[in-house]
Every structure is written in structure tokens, then in C-alpha cells.
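Let's take a walk through this structure together, one piece at a time. Please keep the coordinates open in your viewer as you read.

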2 protein chains.
Amino acid sequence: MAKLSENQAKLFTDTNFAVVSTIRDDGGPQSTVVWVDYDGESVVFNTTTVRAKTQHLTEDPRISVLVWDADDPYRYVEIAGEAELDEKDAAEHMHGMSQKYTGEDWKNVENRVIVRVRPDRVYAHGVD
Amino acid sequence: MAKLSENQAKLFTDTNFAVVSTIRDDGGPQSTVVWVDYDGESVVFNTTTVRAKTQHLTEDPRISVLVWDADDPYRYVEIAGEAELDEKDAAEHMHGMSQKYTGEDWKNVENRVIVRVRPDRVYAHGVD
């Protein structure tokens, strides 16, 4: 397992956006933008059980999450690892993510799932 | 082949950043940030022959390129397709990309390669 430095972790805990890449059934990549966080051990985001990326992760848990500094996209961190899906308390978690990014609860928390990724590798660009 | 709308194409031709995702030897995803452009048919970026992503693409040309609006990351377009690598005039092309983003020629144009991706599929979020 790879450890994030304080500055690398801060990119995930600040209100930055991230691109999540998963592997489709045909083996090709798919990417989407997500809100993101870091709990000290895992990179964390929240999605729904009906999204394509969630379906991909149940077939192949390998994932890459790349977060960039909203004020300077030359500063970015990519982590890769295996995703763990967790539906427990996922609605409450989604409200928390929404509070972080918008200051308000989320509108619809049906079918939510928390995705946690412990970094197996870390690549940082412009972030010590 | 999928066609980009005018607004989708504009995200690639403006000075926005993109995340490129390729498939590693082990089948997992890798992502990096790149400068990007669109020539009316293909999404285009410039890298070097020694980068990991270039090595990946010679093994498996499948690629995803996600560009977001630097002023509003809720507006983004992901395209996926197969990458074509082209070393011809790649140094000159890199100077052009650097001029687009920085207003100056690039510092080192050794081993450059142009990557072109004709979109097989397009996913747009917040961009008509």
C-alpha cells in the first residue's frame, strides 16, 4: 500500500474534482468526473449502484482516481488500486459529500454506494 | 464514428486540460493530465515515445480522453476510441500546442509523438 503525503492528501480533502477511470466489459477504459475525499487511508467517492462504473467495478475492481488542483491543474495526483463498494450508510455519506462541495444536502440519495480505494500506487505531478 | 457537437468540440479547442486514460500491461487503468486539441475529426494530444502511456498504446490502442471546462468542471466531455500514433512533424506540433497553452515554443521537442483519437463514443455532461 502506498501512503499519500500531506500535500497529496490535501488535494483529495479540498473541494477539488477528480476523474475516475474504470475498465469496461470489453477491457477498454471509461472515465467520469466525481467529487472526492480521503479518509487517511483510502480515497473515497460516492456513486450509485446503477451507474456503469459501479457495474464495471463489480466485474473488475481496478480503478484509477486522478485529482487536480482546481486553481492549478499542473498540480495533480493519480492513485490506483482496487475499489471496495459499501452501501452501508452511503446515503448519509452522500449528504456529507454534497455538504462539502455545495454546503447543502444531496437531493436524491437512493441506491447510493461508497467507493473506497487504498492506493497501491501513487503518481504525483507538481505536488510534493 | 461519433461526431462532436460545436460546444463539445470547443471544450477541446479552448485551453482546457484533459485526462487521458490508457490500459496498462496488467489490464488496469492509468491516467495522466495532458494539453489537448481537436482537428475536426480527431481529438489530438502530444506526448513522447518514452512515456508509459505511449508504451501502453502500442500494446492496446484503446483510450479515453476526458476534457473539462476549466471554469466549470461540471461541464465535461469524455470520448473513447483507438489511438493512432504519428511521429511525423510531431516536434512542430508540440511547439504549436505549447503556443496554444503558454504563448511560447516548447523547451524540448525530442522523441515527440502526436496521438489522434477518432471518437467511437462520446459522453457529454452539461454540454449540449
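The expected span of a helix is 1.5 Å times one less than its number of residues. Keep that in mind as we start, and note that we are looking at a predicted model. Helix α3 of chain B runs over residues 90–102, 13 residues in total, and its first and last C-alpha atoms lie 18 Å apart, close to the expected 18 Å. Which residues of α3(B) are buried? They are Ala90(B), Met94(B), Met97(B), Ser98(B) and Tyr101(B). These residues sit on the same side of α3(B), because the arc they cover around the axis is only 100 degrees. What do they pack against? Their partners in chain B are the strands β2 (29–35), β3 (37–38), β4 (43–48), β6 (72–86) and β7 (112–117). Just after the helix comes Gly103(B), with a positive phi of about 80 degrees.

Now turn to chain A. Helix α3 (residues 90–102) of chain A has 13 residues that should span 18 Å at 1.5 Å a residue, and the 18 Å between its end C-alpha atoms agrees with this. Buried here are Ala90(A), Met94(A), Met97(A), Ser98(A) and Tyr101(A). Down the axis of α3(A), the buried residues fall within an arc of 100 degrees, so they line one face of the helix. That face packs against β2 (29–35), β3 (37–38), β4 (43–48), β6 (72–86) and β7 (112–117) of chain A. Gly103(A) follows α3(A), and its phi is positive, near 80 degrees.

How are the two chains related? Chain B is superposed on chain A by a rotation of 180 degrees with 0.0 Å of shift along the axis, at an RMSD of 0.0 Å. The two copies are therefore related as by a two-fold rotation axis. Both copies use the same surface, since 100% of the contact residues of chain B recur in chain A.

That brings us to the interface. In it, 24 residues of chain B are in contact with 24 residues of chain A. About 2,200 Å² is buried between chain B and chain A, and carbon and sulfur atoms give 61% of this area. How many salt bridges does the rule find across the interface? It finds two.

Over all chains the count of salt bridges comes to 20. One of these joins Asp86(A) and Arg116(A), whose closest N and O atoms are 2.9 Å apart. This pair links distant parts of the chain: Asp86(A) is in strand β6 of chain A and Arg116(A) in strand β7 of chain A, 30 residues apart. Asp86(A) is partly exposed at 24% relative accessibility, and Arg116(A) is partly exposed with a relative accessible area of 28%.

In chain B, the side chains of Asp37(B) and Lys100(B) meet in a salt bridge at 3.8 Å, N to O. The pair is 63 residues apart, with Asp37(B) in strand β3 of chain B and Lys100(B) in helix α3 of chain B. Asp37(B) has a relative accessible area of 22% and is partly exposed; Lys100(B), at 21%, is partly exposed too. Another salt bridge in chain B joins Asp14(B) and Lys10(B), with the closest N and O atoms 2.8 Å apart.

Asp37(B) also leads us to a neighbour. Ser42(B) touches Asp37(B), Arg116(B), Val117(B) and Arg118(B), leaving aside residues up to four places away in sequence. Where is Ser42(B) found? It is in the loop between β3 and β4 of chain B. With a relative accessible area of 4%, Ser42(B) is buried.

Finally, a word on backbone angles. Most residues other than glycine have a negative phi. Asp89(A) is not a glycine, yet it has a positive phi of about 60 degrees. Asp89(A) lies in the loop between β6 and α3 of chain A and is partly exposed, with a relative accessible area of 46%. In chain B, the phi of Asp89(B) is positive as well, near 55 degrees. Asp89(B) is in the loop between β6 and α3 of chain B, and is partly exposed at 47% relative accessible area.

Note on methods: Residues are numbered from 1 along each chain as its sequence is written. Chains are lettered from A and ligands numbered from 1 in the order in which they are written. This is a predicted model: local features need pLDDT of at least 70, side-chain atom pairs count only at pLDDT 80 or more; totals for chains, interfaces and linings use all residues. Side-chain values use heavy atoms; hydrogens and water are left out. Copies are superposed by least squares on the C-alpha atoms of residues with pLDDT of at least 70 in both. Contact means heavy atoms within 4.5 Å. Helices (H or I, at least four residues) and strands (E, at least two) are DSSP runs, numbered from the N terminus. Buried means under 20% relative accessible area, exposed over 50%, partly exposed in between (1.4 Å probe, protein chains only). The arc is that of the directions from the helix axis to the C-beta atoms. Buried area is the accessible area (1.4 Å probe) that two parts lose on being put together, summed over both. A salt bridge is a side-chain nitrogen of Lys or Arg within 4 Å of a carboxyl oxygen of Asp or Glu.
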